[in-house]
Amino acid sequence: IDFPLFPSATAMHRLYHHEGERASARAVEKMGTIFGTSTMGTVSIEEIGKINKGPKSFQLYIHKDRGLTDNLLERCKKANFTSLCLTVDTVVAGNRERDRRTGFTTPPKLTLGSLLSFALHPVWTINHLTHEKFKLANIIHMTEKGSSIEKSVIDYINEQFDPAMNWKDAEYCVKKWNGPFALKGVMSVEDAKKAIDIGCTAVIISNHGGRQLDGSRAPFDQLAEIVDAVGDKMDVICEGGIQRGTHVLKALSIGAKACSGGRLYLYALAGAGQAGVERALNQYRAEIERDMKLMGCKKISDLNRKNLRFRKK
């Protein structure tokens, strides 16, 4: 990839902008970095494969219906995806209080609060009503839940995802994919080592945007010990909390191979579609390049722990 930052695979881009993953995929290809799309995406694997010719990663959730999992893997191969990412920290939905309060559903539920929001955002509302019907494009052909009926995201996760997912399931996916494979949601040295044992080529240190386990540590807090344990054997990626170019430089100085994040581009997608995502990623790139110059670093390999000072505990 051309620079050490890429957007995390996130669900339901068309809730942010009517072009959804189409806009994100085009923007990310221009930046020369990895585009990730989710099992719960609103544009299909096949269409993403046609839109984006750069490196692509698919974020997989293991459903109770294992036929669905196999179907997704095969379709990603045919669409020339270059890597797979299995999320392991969402076997059940976290207590997402905001989602419960708003009745966040697919498609959006009509409540007094949501109708007021639609009225206050007329451009979004018009685009939503005049473009194709909202659907979870990668799974609608195998399950109606979450696509053709009003179903909260929390309910969908709890009904459809397999809470009994284990290491054997992860190893099955690694072998079936037989290519670059990341385990996402790893937050301990022990799990990172186990990921190597089952054939993973990367771990993504992530707490799922802080929306799963209340009180979980930040990914950056776990980074050094995981890099020290496995960084010479696999790629270690720091996901979440990346709000500035200097955050990327700190993670790379610790030993991360790259950083990723969701909010860092989703707000931009909501604000201006493809142009918004391009602007956000270009701002990060400009910050990274400018700050490396100010640090006297000519290349990524110049970033190391000598650049950092830690507060004494």
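Tutor: M12 counts as buried, because its relative accessibility is 5%. Buried means under 20% relative accessible area, exposed over 50%, and partly exposed in between (1.4 Å probe, protein chains only). The model is predicted, so local features need pLDDT of at least 70 and side-chain atom pairs count only at pLDDT 80 or more, while totals for chains, interfaces and linings use all residues. Residues are numbered from 1 along each chain as its sequence is written, and side-chain values use heavy atoms, with hydrogens and water left out.

Student: Where is the place of M12?

Tutor: M12 is in the loop between β1 and α1. Helices (H or I, at least four residues) and strands (E, at least two) are DSSP runs, numbered from the N terminus. M12 is not a glycine, yet it has a positive phi of about 55°.

Student: And N178, is it buried or exposed?

Tutor: N178 is exposed, because its relative accessible area is 68%. N178 lies in the loop between α8 and β7 and has a positive phi of about 60°, although it is not a glycine.

Student: Let us move to the sheet. In what order do the strands come?

Tutor: The order is β1-β10-β9-β8-β7-β4-β3-β2: 8 strands in an open sheet with parallel pairing. Two strands pair if DSSP finds at least two bridges between them. β1 (5-7) and β2 stand at the edges with a single partner strand each, so one side of each has no neighbour in the sheet. On average, neighbouring strands are turned by 25° against each other, direction ignored.

Student: How many residues of β7 are buried?

Tutor: In strand β7 (residues 181-186), 6 of the 6 residues are buried, so the rest of the structure largely encloses it. β7 pairs with strand β4 (residues 83-87) in the parallel sense over 4 bridges, and L84 has F181 of β7 as its bridge partner. C85 stands opposite A182 in β7. β7 also pairs with β8 in the parallel sense, over 4 bridges; there, V186 has I205 of β8 as its bridge partner.

Student: Which helix lies across β7?

Tutor: Helix α8 (residues 167-177) lies across β3 (56-60), β4 and β7, and runs at about 155° to β7. Axes are lines fitted to C-alpha atoms, for helices over the stretch in contact, and angles run from 0 to 180 degrees between N-to-C directions.

Student: Where is the place of S206?

Tutor: S206 is in the loop between β8 (202-205) and α10 (219-230). S206 counts as buried at 1% relative accessibility, and its side chain reaches the backbone nitrogen of H208 at 3.0 Å. Leaving aside neighbours within four places in sequence, the contacts of S206 include D89, K184, M187 and E239.

Student: What does A192 touch?

Tutor: A192 touches V186, V203, I226, V230 and M234, not counting residues up to four places away in sequence. A192 belongs to helix α9 (residues 189-197) and counts as buried at 0% relative accessibility.

Student: Last topic: at what angle do α1 and α12 cross?

Tutor: The axes of helix α1 (residues 21-31) and helix α12 (residues 263-295) cross at roughly 10° and come within 10 Å. α1 and α12 are therefore roughly parallel to each other; angles under 35 degrees count as roughly parallel, over 145 as roughly antiparallel, 65 to 115 as roughly perpendicular and the rest as oblique.

Student: Which residues of α1 meet α12?

Tutor: A23, S24, R26, A27, V28, K30 and M31 of α1 meet residues of α12 including Y265, L269, V277 and R285. By class, the contact of α1 with α12 has 8 nonpolar, 4 polar and 4 charged residues. Ala, Val, Leu, Ile, Met, Phe, Trp, Tyr, Cys and Pro count as nonpolar, Asp, Glu, Lys and Arg as charged, and the others, Gly among them, as polar.

How values were computed
Polar contact = N/O pair within 3.5 Å; in protein donor to acceptor, adjacent residues only side chain to side chain. Contact = heavy atoms within 4.5 Å.
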